[in-house]
There are 2 protein chains.
Amino acid sequence: MKMSLDDVEKLRNDMKEITNQILGLISHRMEIAKKIGEIKTILDLEIVDDKAELDIKTHVLGNSKSLNLDPEFTGRIINLLITEAVRIQENERQKKLHELRTVNENTHELQASKQLLHEPIKRNLLTDINQISRPQIKSHLDVFNFAKVLEAEGKKIIHMEVGEPDFPPPVEIRHELAKIYDEGKYHYTKTIGITDLRERLASYLTTFLTQRTNNNIYEFTVNPQNIVITPGGRFGIFGTFSSLLRPGDEIIVIEPAWPACQDCANYLGVKTRIVKSNLENNWEPNLNEIESQININTKILCLNYPNNPTGKILSKETLQKIVALASRSNLYILSDEVYSNYAYKPFESIINFGYDKAILVNSFSKTFAMTGFRVGFTYSLDKRVIEKLTKIQALALTSVAEPMQWCASLALDADPQLYSRIMKDRIELVCDGLRDLPFEYVIPDGAMYVFAKIKNDIKITDLKLVGSLLDNGVAVAPGSGFGSIYSNFIRISTCIDADKIKRGLEIIAMTMENIQR
Amino acid sequence: MKMSLDDVEKLRNDMKEITNQILGLISHRMEIAKKIGEIKTILDLEIVDDKAELDIKTHVLGNSKSLNLDPEFTGRIINLLITEAVRIQENERQKKLHELRTVNENTHELQASKQLLHEPIKRNLLTDINQISRPQIKSHLDVFNFAKVLEAEGKKIIHMEVGEPDFPPPVEIRHELAKIYDEGKYHYTKTIGITDLRERLASYLTTFLTQRTNNNIYEFTVNPQNIVITPGGRFGIFGTFSSLLRPGDEIIVIEPAWPACQDCANYLGVKTRIVKSNLENNWEPNLNEIESQININTKILCLNYPNNPTGKILSKETLQKIVALASRSNLYILSDEVYSNYAYKPFESIINFGYDKAILVNSFSKTFAMTGFRVGFTYSLDKRVIEKLTKIQALALTSVAEPMQWCASLALDADPQLYSRIMKDRIELVCDGLRDLPFEYVIPDGAMYVFAKIKNDIKITDLKLVGSLLDNGVAVAPGSGFGSIYSNFIRISTCIDADKIKRGLEIIAMTMENIQR
């Protein structure tokens, strides 16, 4: 075969021609998007239509296999096309609304167009209702930040909204901190974490998991090589998602849920499919529903037990079924077990099941009351997960602060069950206090929260109740921050001492009485 | 105009059909790319041809105007197509080379194919030549890791490869660490960083920048609200890129360069356009060349002065021109100034120019010898940059470890010029030592490295030299880790004391003598 630069030149010209054709078709595609946008505006439909998007994506990704294209690349192209189409449709909508507004200033159409704006209206509910200037409150963090503002103005607030243990960390850390400087423990470390911490943690986990469970299904010793030290459990989720997922992939999340998984998924262009659990079912997830959400793009099933906000712990049997289900579809299970120290009944870690696609995310934050040290860890039997996570951590931040890693290592000498015994008592205190109030709840199996449903006969949303409670001096978290359907729930956390809890409960009781009057 | 959901359904089907056609054409385009890749392999041509790329892009973008597409969007699509084509061509090349190797094991073609392999051969050179089993060494980190292995085997190594100051951090930190526990400074902090640190840092920066520059062009006070505390300078780059760039966007990097910017860009599917500076031009970047690389998709121009590895500092005049150039194309300038404390002539920070799209990335790591504390910061006048970076930091890691933030705050009481005076003396020591050896170099304006070119008459690559030096007990970094054309350079760092530097230079001299013999 004789080949020359002329051949390259000729092929390049072909390439230009094809590229022009591609862009011609893309332009045509955008014209169609515009038309759809116009119709949607007139029919008052949401522009972003998850089902339709997914339908197109699945259809096209399926086709791309026969075209011999890399699915990651195809996913990126499709994503760019969809994002641009949404942008164009938004533009069209704005134009159309402007037209309607200008032409029919005082007609029925104006009302229709105003209703299109329901999203921003919903978000400002709190402001409307309480007639005072308040920031948008959607999550426990918003409440915390606004409570801080009120405190700065001199108001006394009892904090039952945040999940930060109020205990001091193990005293071993005090001594360790004092030695860091003289011992020169302040250098770059291996990205995966210092050996001392990983080895001690491996043996700690082996013991912990053997103690807490009744019967181990799977005999194992935790290997330090399967552990990555991360800056908090959060980076375990962010890093795992960033390295395993591509735009167009999907994860499954069981609600109510701490929003981190969904936030990370959104950031990556990954779709979250939600399975809702409910109080009436004792917060048991419906396995059939999980199964029905699995499709070709599903990559990770996210678990979080003991659960934030419900405190639910899954039984060994349920977990076994979930593992079997994940295994059939070759899914990763990312199990966020940051509350595992706060288990008030037998607790099984996902790693007890020997599933090689299980990923355990955990942290020193809650277990050892070390939130501000920012030390967490991720464990997986799958070496590729460990390697990929390490690689993205190297890219983002080199390594976790060495002094903090040593503190975490020394914390392992302490017994964190002291903390969990205190927390259990407080949980009981809150449950007792709520018994005669218009709330329903399941006594939590673990964690540091009570997720309480406002009884049906009380017509108040979580956001309004949170506002009233703040006015009266108690901060709690709105249920809707853990899933849109939980807007008749509040999450009460137990990270303050018994006296403050009692006072908080009194204020809650008084507030509810006023509301019912 | 009557419209219904049926119309939407029909349009959606059209869209699917067109999307399929688009992907069909893309697949065809990739087939052509494969063919070009094959020919290039046989003709022994470089796969990445920036000129040809830009040619296609300009041609197609010109055409796309009539198509009523947003040129930025079109550029992104083209960039994705080009990047994927390059990936496919690389694959083809590897396949072809493998074929040649297998089929013609003992023939002339083998020689030809081996020559084609110059890249992989170069990478494995070290192994071939020294007849011992060595890992692939491509960067200073690889050298460091391999040096650690040699040390574990009992070999003495003088470390002139890493950029970690050997001084202890300011002694103020020793006291601060001892107080952290009792003062309860170990909680979640605001994601943006604790107020104390940001305020003290703002006033430190204001003073620092006024002292170091000759004439301020722009009168300013650094506002703490424009500072985000990050876990090291690295997260400043990772986070800024992640929040400002999308796949298909472009950045410009001036080589030689620390590879972090390119690594982050690759991770995000962002194209890096490289402008090469050279020793003969005193490491001055060519502004026309920078300008010629700017196109519709260019979003960030990356600067790193004092430069790693050359130590170059740009003059005020050059920086002014760069700012003007960036301003004309509405580009962000991300200026990595982590070596700003090690400036041995007047130094201007990018923030001295009042450019609202300037982003300063800096860190306590080098300035205060605090690498392992992982505290850095990003400053920008553009509030959206600050907000976006804060948001991604909240997503990835909540906040920087509180104890480490307090240590950084206390470090600001110390005078880091003590460190820079020591480093300057060491730089002079290395330059003196190299004077009579077969190297060329420019005396560095700053930083903690000497980037030395192996004289042309010595026929040895950086990797081979690095290998010989390691055998003799000195670790240095290969130049090719900072850009492919610098494979006749080594980077010698000055993070060890004068005695060790002298011993290291003796070994370098001895090694060079052996090579020349």
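Glu31(B) lies in helix α1 of chain B, residues 5-43, where helices (DSSP runs of H or I, at least four residues) and strands (DSSP runs of E, at least two) are numbered from the N terminus. The model is predicted: local features need pLDDT of at least 70, side-chain atom pairs count only at pLDDT 80 or more, and totals for chains, interfaces and linings use all residues. Residues are numbered from 1 along each chain as its sequence is written, chains are lettered from A and ligands numbered from 1 in the order in which they are written, and side-chain values use heavy atoms, with hydrogens and water left out.

With a relative accessible area of 34%, Glu31(B) is partly exposed, a class that falls between buried (under 20%) and exposed (over 50%), computed with a 1.4 Å probe on protein chains only. A distance of 41 Å separates the C-alpha atoms of Glu31(B) and Gly467(B), which are 436 residues apart along the chain.

In chain B, strand β6 (residues 332-336) is largely enclosed by the rest of the structure, because 5 of its 5 residues are buried. Burial applies to both faces of β6(B): Tyr332(B), Leu334(B) and Asp336(B) lie on one side, and Ile333(B) and Ser335(B) on the other. β6(B) pairs in the parallel sense with β5(B) (residues 298-303) over 4 bridges, pairing being assigned if DSSP finds at least two bridges between two strands. In this pair, Leu301(B) stands opposite Ile333(B). A parallel pairing over 4 bridges also joins β6(B) to β7(B) (residues 358-363), with Asp336(B) opposite Val361(B). Together with helix α12 (residues 316-328), β5(B) and β6(B) make a right-handed β-α-β unit; right-handed denotes a clockwise path from the first strand over the helix to the second, with the strands pointing away from the viewer.

The second largest pocket has a volume of about 280 Å³. A pocket is an open set of points on a 1 Å grid over the protein atoms alone, with protein on both sides within 12 Å along at least five of seven lines, and lining residues have an atom within 4 Å of a point. Volume is the space filled by probe spheres set on the points, which are joined across faces, edges and corners. Of the 16 lining residues, Leu61(A), Pro71(A), Asp249(A), Asn297(A) and Lys299(A) lie nearest the centre. Helices α2 (50-66) and α3 (71-103) of chain A each supply at least two lining residues, and α2(A) gives the largest share, 5 residues. The lining has 5 nonpolar, 6 polar and 5 charged residues; Ala, Val, Leu, Ile, Met, Phe, Trp, Tyr, Cys and Pro count as nonpolar, Asp, Glu, Lys and Arg as charged, and the others, Gly among them, as polar. The second largest pocket lies between domain 1 (15-114) and domain 3 (172-411) of chain A, because both give residues to its lining; the domain bounds come from an automatic or database domain assignment.

Definitions and conventions: On a 1 Å grid over the protein atoms alone, a cavity is a set of points where a 1.4 Å probe fits but cannot get out, and a pocket is an open set with protein on both sides within 12 Å along at least five of seven lines; lining residues have an atom within 4 Å of a point.
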